[in-house]
Amino acid sequence: MSHPVRPLARVGRRLGLAGAVALTATLALAAPAAAHAEVEADRPQALAENVTLTFVSEAESASAGFREVRVVLPEGIAPTAVTLGKAPKGWKFTATEDGYTLAGPALGTGVDAEYSVKVRQLPDAEELAFKTVETYDDGEISRWIELPADGKEAEQPAPLLKLKAAAPGATPVGASPTPSETAGSPSAAASSTPSPKSSSKSASESASADEDSGTSTGLLAGGAAATLLVLGGGAWWFLRRRAAGTSED
């Protein structure tokens with residue numbers, strides 16, 4: 001009477017094992033894709049200044065290591081407003097037209113690429129996406145650049161940073177004024193102040209004018225004196241001739 005129990009027990013165990021496998025597969029298919037490139041901030045708040053962003057690119061290759069990470073910055077963050085913080089040894093930071101690259105000697109196989117950058121100011125937004133392209137030393141490329149759409153998770157999602165609302169009174173940091181726009185700037189002062197050459201030229205011209213004036217005055221004075229001498233001599237000659245004529249009579 002006890003023999004039929006064993007086959008039923010074995011069947012039950014098999015059904016339980018099959019159910020567990022099916023459940024695991026179902027959960028794996030239903031789970032969203034894991035973000036293999038992530039970003040965090042020490043102050044995740046809109047319009048926050050001098051914010052440090054930390055990035056982690058998870059190594060997936062079983063035969064190669066990372067040699068480059070390229071990031072496209074979200075709108076509102078200029079490449080010139082980003083500076084390198086910490087990075088793998090030997091890696092160099094280079095600004096690009098739309099973001100930056102960080103590259104250097106290949107990391108070991110299975111070693112994550114971790115680094116940080118400092119941003120002058122975060123834009124006034126609720127969420128920022130940092131599209132990332134990873135390159136391994138064997139040429140393999142991983143692109144984490146997709147954004148969620150229609151409420152669905154992306155298969156290769158870009159690193160996302162959610163921001164708190166801006167602090168009261170926070171404003172965007174404006175660009176520094178150019179020298180030409182600054183009142184009393186050196187360039188403005190230089191343009192309004194005569195150059196040494198122009199000053200010396202003016203001085204020499206003034207001296208030449210004075211010399212010309214002095215020469216003209218001297219000539220006039222000399223001419224007047226000569227005229228007086230001529231007139232005086234003529235008068236003297238006329239009087240002498242008249243006196244001679246009177247004595248002869």
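Reader: How much space lies in the largest cavity?

Author: The general idea comes first. Rolling a probe the size of a water molecule over the atoms shows where empty space is left. In this predicted model, the largest cavity holds about 40 Å³ of space. The count of cavities of 30 Å³ or more comes to one.

Reader: Which residues line the largest cavity?

Author: The lining consists of Ala37, Glu38, Phe55, Val56, Ser57, Val69, Val71, Tyr115, Thr132 and Pro159. Sorted by class, seven of the lining residues are nonpolar, two are polar and one is charged.

Reader: Which elements give two or more residues to the lining of the largest cavity?

Author: They are β1 (37-41), β2 (49-57) and β3 (66-72). The largest share, three residues, comes from β2.

Reader: How should I read side chains along a strand?

Author: In a regular strand the side chains alternate between the two faces of the sheet.

Reader: How many bridges join β2 to strand β7?

Author: Eight bridges join β2 to β7 (residues 113-121), and the two strands run antiparallel. Ser57, one of the residues lining the largest cavity, stands opposite Ala113 in β7.

Reader: Which way do strand β4 and β7 run, parallel or antiparallel?

Author: Strand β4 (residues 82-84) and β7 run antiparallel, joined by three bridges. For Thr83, the bridge partner in β7 is Lys118.

Definitions and conventions
Residues numbered from 1 in each chain as written. Predicted model: local features only at pLDDT ≥ 70, side-chain atom pairs only at ≥ 80, totals over all residues. Heavy atoms only, no water. 1 Å grid on protein atoms, 1.4 Å probe; cavity = no way out; pocket = protein on both sides within 12 Å on 5 of 7 lines; lining within 4 Å. Points joined across faces, edges and corners; volume = space filled by probe spheres on them. Helix = DSSP H or I, 4+ residues; strand = E, 2+ residues; numbered from the N terminus. Nonpolar A, V, L, I, M, F, W, Y, C, P; charged D, E, K, R; others polar. Pairing = 2+ DSSP bridges.
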